[in-house]
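Have the structure open as you read.

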Amino acid sequence: MDFDPVRSSDPEVADALEGETTRQQETLAMIASENHASEAVLAAQGSALTNKYAEGYPNNRYYGGCENADTVEELARERAKELWGADHANVQPHAGTQANMAVYFSVLEPGDKILSLDLEHGGHLSHGHPVNFSGSLYEVEQYEMDPETGRIDYEGLDEHAREFEPDIIVSGYSAYPRVVDWERVQETADAVDAYHLADMAHITGLVAAGVHDNPVGIADFVTGSTHKTIRAGRGGMILTDEEYADVIDRTVFPGIQGGPLMHNIAGKAVGFGEALEPEFDEHIEQVVANARALGESMQEQGFSLVSGGTDTHLILVDLRESHPEVTGNDAAEALEEAGIVLNANTVPGETRSAKEPSGIRIGSPALTTRGFEEAEMREVGQLIGRVIDNIDDASVIEEVAAEVDRLTDDHPLYE
């Protein structure tokens, strides 16, 4: 990648950019929320649209000179509607959290009630955690996964909702490896006269490709990230029907955001266009197949997977049974030394803490983008197991690092 213009102006930043490109090339990105955008998406995000203010919406801006911005945003909106079958799409949210904020601000008042999945069970900060705005402005109670099965306890969710009487129920999760029953959650929302927000941040690509059930047309609001499994420009989006289109648009702008990041919206448009190609469905099928192969490899080595496996792009490994002395942080740090980058994660029935949890979350999207298939994912699983089995053995970590070098050389990034 060409950073010469940056280098001529700011060598220190150029060094960091080149270093990051090298780091991504030479390591295995297995954080489940990360992926590698195409060079076309990167180019769109680095375009002259960075310079353009375009407050408002296509054909209704507060500034002149927006004809190209209008074209780009309209393409992003129309492609989003086609990908997910939505009546209305707002592609201006700067991130998934801002998308969730816009939904809350559209239909809730401060002090209203949110029912959502607990963060330690796979939920998200923006679903009502006390350190987040959502936990500060609203009354929040949270449901949990069944610690025995590692799956959403829908009956428990329903009972909790009937007792709590929330104004909105949030479904969709950050560390849940199974298909979500959106209709089951909607039945509960209907029973207690609550709105239903389905946050599909992690699985936008899986839903677009039809390998995961689609919440659009079931939930009142669907939010998502646009840079994870969908591989478009970094940011968020909101999908809904025409009933809520105007209030959502007003809440996003001027309610909670000013000028949209038009360069990011250009990246969204390009990535959504790529996702409409038939090859994308094949790619996502491989993402899921790779996650399953990785999980099977870990299980063959004696590791315990939350819920016993995966239907999605990620697996959640509970280390307490196989390696009770190893925390998720221990594992993540040792693996990063070997060139495998993932994150520590809480698990259902967590006996430690969110800062020092008992599990690790591992995703397949970025490696699939690089061309990895099942056999290589099984090999990666073996490498992960070797490091955790020999977590204090520097020689083993060095050997695994050499294998990582071979794998990354075989699958170059941004050639």
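## Where the domains meet

The area buried between domain 1 and domain 2 is about 2,200 Å², and carbon and sulfur atoms give 60% of that. Buried area here is the accessible area (1.4 Å probe) that two parts lose on being put together, summed over both. Domain 1 covers 42–276 and domain 2 covers 278–410, with bounds that come from an automatic or database domain assignment. Their C-alpha centres lie 28 Å apart. In contact terms (heavy atoms within 4.5 Å), 28 residues of domain 1 touch 27 residues of domain 2.

Before going on, a note on the source: this is a predicted model, in which local features need pLDDT of at least 70 and side-chain atom pairs count only at pLDDT 80 or more, while totals for chains, interfaces and linings use all residues. Residues are numbered from 1 along each chain as its sequence is written, and side-chain values use heavy atoms, with hydrogens and water left out.

## Polar and charged links across the interface

Which residue forms a salt bridge with Arg178? The partner is Asp311, with the closest N and O atoms 3.0 Å apart. A salt bridge means a side-chain nitrogen of Lys or Arg within 4 Å of a carboxyl oxygen of Asp or Glu, and the count between the two domains is one.

The interface also has nine residue pairs in polar contact, both residues at pLDDT 80 or more. A polar contact is a pair of N or O atoms within 3.5 Å; within protein, one must be able to donate a hydrogen and the other to accept it, and residues adjacent in sequence count only if both atoms are side-chain atoms. On the domain 1 side, helix 9 (204–208) and helix 11 (262–275) are the elements that give two or more residues. Helix 9 gives the most, with three residues. Helices (H or I, at least four residues) and strands (E, at least two) are DSSP runs, numbered from the N terminus.

## Pairs elsewhere in the chain

Over the structure as a whole, the salt bridge count comes to 16.

## Two backbone details

Most residues other than glycine have a negative phi, and most peptide bonds are trans. The Phe253 to Pro254 peptide bond is cis, with omega near 10°, and Pro254 is found in helix 10 (residues 242–256). Asp193 has a positive phi, near 60°, and lies in the loop between helix 8 and strand 10 (195–199).
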